[in-house]
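Keep the viewer open and follow along as we go from ring to ring.

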Amino acid sequence: QVQLVESGGGLVQAGDSLRLSCVFSGRTFSQYRMAWFRQAPGKEREFVAAITWSVLSGTSTYYADSVQRRFTISRDASKNTVYLQMNSLKPEDTAVYYCAGDPYASFRDTAITIKTEGTYVDWGQGTQVTVST
């Protein structure tokens, strides 16, 4: 069973930066996708960013329009960790951030598949990010 554990959330001011981490364990993957989703109070959970990797095909990333050029998703294979570097944070970025994993990921997956919550099998418990004005 795969376990995902998020960390790095906190309270920051608008314009500040935060780096979230998601450590995964339980299996070794030759191909996998990890994504970050977020859920603000009273709103549905939404896609933020995803990274797909394969031993044979390398790495690919994808971002929601709302975070493009502000957030960066990356992976440290040696630490089984995926990061979400968040810069220029805005109050509207306030949410609980979840990491999620898809062991059936393919580089041929469409954007819709990547952004869909139901695509992901493994989920963490979430970490709170609060951005004040």
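Tyr62 is partly exposed, at 28% relative accessible area (buried means under 20%, exposed over 50%, and partly exposed in between, using a 1.4 Å probe and protein chains only). Before going on: this is a predicted model, where local features need pLDDT of at least 70, side-chain atom pairs count only at pLDDT 80 or more, and totals for chains, interfaces and linings use all residues. Residues are numbered from 1 along each chain as its sequence is written, and side-chain values use heavy atoms, leaving out hydrogens and water.

Now, how many aromatic pairs does the structure hold? There are 8, where a pair means rings of Phe, Tyr or Trp (its six-membered ring) with centres within 6.5 Å; planes under 30 degrees apart are stacked, over 60 edge-to-face, and the rest tilted. Take Phe37 and Trp123: their centres are 5.2 Å apart and their planes at 50°, so this pair is tilted. Phe37 sits in strand β4 and Trp123 in strand β10, so the pair ties together parts 86 residues apart in sequence (strands are DSSP runs of E, at least two residues, numbered from the N terminus). Phe37 is buried at 1% relative accessibility, while Trp123 is partly exposed at 25%.

Phe47 and Tyr62 make a tilted pair too, 5.8 Å centre to centre with 40° between the planes. Phe47 belongs to strand β5 and Tyr62 to strand β6, 15 residues apart. Phe47 is buried, at 7%.

Definitions and conventions:
Helix = DSSP H or I, 4+ residues; strand = E, 2+ residues; numbered from the N terminus.
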